Amino acid sequence: MENSRQIFWPLTGRSAEIGRFTSFLRESKSCVLFFTGPSGVGKTRIAEECLALAERGGWEVLQAAATSIATEIPLGALLSILPVDFDTNDPVTSLRAELKARSSYREDKTLLFVDDVHLLDSATLHLLHELANAKDFKLVMTIRSDVSAFTHKDVSMLLEHPAATICRVEEFTEADVEVLLSAVLEGPVHQRAVNWFHKSSDGNALFLQEVVLDAFARDQFVKPGRIWELREQDAAGATPRLKDLLRRRLAEVASDEKRLLEYLALCGETSVVDVAEEFGDVRLLDSLEAAGLVRVLRRHRRAAARLTHPLYAETIQNTVPFSVRSEILLRRVARVRRYGARRKGDALSIAGWEIAATGTTAPSNLVTAAHIARYGHDCAQVINLLRRLPEEEQSVQILCLLGEAYVELGQPGEAEQALSTAIDRALTDDERFTSYALGITNMFWGVGNFEESFELLTAARGQLDSEPYRRELDALEGGMRAFLGTENELAIRLLSSVSVEGDKRSYFTSKMFEGCSYANLGQFDKAIAIAEGAFAAHRESEHSQAASIQLIPLGLALMYRGELHKAREIVGDGLKRSFHDKAIIPEMWMCYILGWCSWVSGQPTTSSYWYETALSSAQLHHPSVARGILAGISANAALLGDQATAEERLAEAQNFPRIGALEGDLETFAQAWCAANLGKSEEALEVLRNAAARASETGRHAAESLLLTDIARLGAPQEVSGRLAELASLCDGPLAAVRARFASALASEDTKILEQVGHEFQGMGVMILAAEAFSTAATLSLRRGRRASAASYRDQSIALRAQCDNARTPLLTSGRHVELLTARETQIAVAAATGRSSKEIANDMAVSVRTVDNHLARVYEKLGIKRRTELAAALGHQN
């Protein structure tokens, strides 16, 4: 991104505060409004917007601002609005007379704004209180809530005025940050970047703006696809302006308080007990907390202190001389060791402190720290630590730890090198199993070569024949077959042999894949029960950071079952958890499932956003999944009528290996809807028929139900309604049954059933099928002369269609004229509107050219047009 780009910074997420101000202007009893909040939260920015709003409403606005210099002079902040010869004994009367003498003065329409009231002198505060009592005009003021001014008598007197209203300005939520970044960047932003900016700024408007500006200055925003991302999340920091602001705030603290701030900046979160031992007086924390520089966190019986914001640490660290830094860090190391270094993060902290202080640490510290970093899913840190080990210290265990980190970071080449060396060096069965298991995982998920993955599995079975290892290898095979999706019952048998008494990570992974297999078979209730139980146990285990993987089968099963709202809520929470735990692979899958949910719901723009968000991780970590994600983006583009993007993304998908059946389904939808978009209905139907047959052969009832429903939607409900009814009895939950009734109603042209299923789809969140049901009911009712019913159905369809991102399907193309056409006439008219000749249409539909021309003649008559070139406009269809 160009650094010189003009940055537009909109006011976002402040509708409540603006609304409170507009109410304040209307209320006669309220004459004082305070905007309060911590420094940098955006009080002044909101007030400025409010003043502009007041001026547009005809109010006379006066402004004054308190400064540290003006504070030295009594009434200094108000000198700009006081008359030159004001009565020092009665400035209030002088000011009121001056204002009323102005030609612009309007009774009950004058407003005085004072910024940073906490900086005002006592005389000015007293004057403002008198003005509030007089009620001649309204007062709007800002005041910091994180300073001791609230305890100042004169400030308290104003805050407690009976005519005063306090409006607290809160920090931005993550949703606010997403809206703001999307506006600034003029496009959607990756959820990981949104989460990082929110955490880095703590929702503080000033900090957020400065961190975003710094990212611009460092050219950190990139757009590899259609979503903005951060090149390096840890590279963004504070701008010079923010650093200067922070330095000024830090300059106000006493020397012993400064020492404590340096200690916290270098050592991170520290227990209050350690602060007392190091500094002898915990009351230092009270003053720093009151100043908003330190936050004391109380968890159960432990209290700990940390800097309020990460940018404080960066600014303070840069001011500490190296000798002082080393002394503080080594003193901290000695203290932690003296108490036994028993806490989980102590080993990692010691290694980091020693490296920062001296440039090195003992190999045993590096290894221990790497294990702790692995526990925290910080794979980059694992690699950084283990690379410091000399060659002779790199055991099989270390190579496996290194290889696993490379797998997680999407570096399959480096992973394969480390793990191949580990397999060659392995001497014990434990070493062989770990090396082979990670090698198989890397080959399947990282490289995307499933044939070689199974060859490695066979080699591992040849060297490991004892029962425990055989069960673990069964679990690996079961997971791969579950993902392939073609042998779900075999996958379940292999996965169910894994015991909770064995390796916990293997057990939880097996449970995740077992849930996916049951979901594929249509046994959604079983999948949900397994996933919920596994999630609860996983979350309470020592591997809780990866617990979100259990939400993959849970989200899929809920979606297939017809509980889309619940699926989105649960998976959305899992996505936030993945960001917090730095769990990149679960994060990718959460975005992937959200994309699926939006596709089933019929919201192609939203679905594409989630797929694009998942794409960058998939390209790095799971190339086999990247193909399906690109196909999903293609299918959504086709549904939106964007044929160029649909074909481009579908072609791009071919560059990645095709492994999973779920990914194959997305590719089928992309191919079918691309063909339908071009008017090639028969080609689209054939693609869907073949995929449905494969799904039927492998018992993938959930996928088969989806595929057959699209066959019904594209004009052949008669051929699938029977099989959909059978699938309704094989799949748990209401959605499969409603799909079957939808197809049957399309085939029989039953408007009452279409109305019923429309309402049922709407209740489940399947908006596009609900819209299609009502649209078809409108078409049929109009054809039968029931215009009142047609109008009602049409209105319901239009309302639902508005929630489908302007998706276009044959059943939704009925505009003000197209509902007059039969299904066959619509099919031919749409094909002709896209530029296909009568001969091409006849070949596609296996009818004569004369039949096609006869249908088109009736279409022209019904639509009131005379030639083929007018079809697109009449149908509302874009080529």
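A: Ground rule first: rings of Phe, Tyr and Trp (for Trp, the six-membered ring) pair if their centres lie within 6.5 Å, and planes under 30 degrees apart count as stacked, over 60 as edge-to-face and the rest as tilted. Keep in mind that this is a predicted model, where local features need pLDDT of at least 70 and side-chain atom pairs count only at pLDDT 80 or more, while totals for chains, interfaces and linings use all residues. Residues are numbered from 1 along each chain as its sequence is written, and side-chain values use heavy atoms, with hydrogens and water left out.

By that rule, you get 20 aromatic pairs. One of them joins F216 and F221: the ring centres sit 4.9 Å apart and the planes are 50° from each other, which makes the pair tilted. F216 has 3% relative accessibility, so it counts as buried (under 20% relative accessible area; exposed is over 50%, partly exposed in between, with a 1.4 Å probe and protein chains only). F221 is buried too, with a relative accessible area of 3%.

Now for F433 and Y469, another tilted pair, at 5.8 Å centre to centre and 35° between the planes. F433 belongs to helix α20 (residues 429-447) and Y469 to helix α22 (residues 467-484), so this pair ties together parts 36 residues apart in sequence. Helices here are DSSP runs (H or I, at least four residues), numbered from the N terminus. Both F433 and Y469 are buried.

Finally, there's a cluster: ring pairs link F444, W445, F483, F513, W589, Y592 and Y611.

Technical notes: Helices (H or I, at least four residues) and strands (E, at least two) are DSSP runs, numbered from the N terminus.
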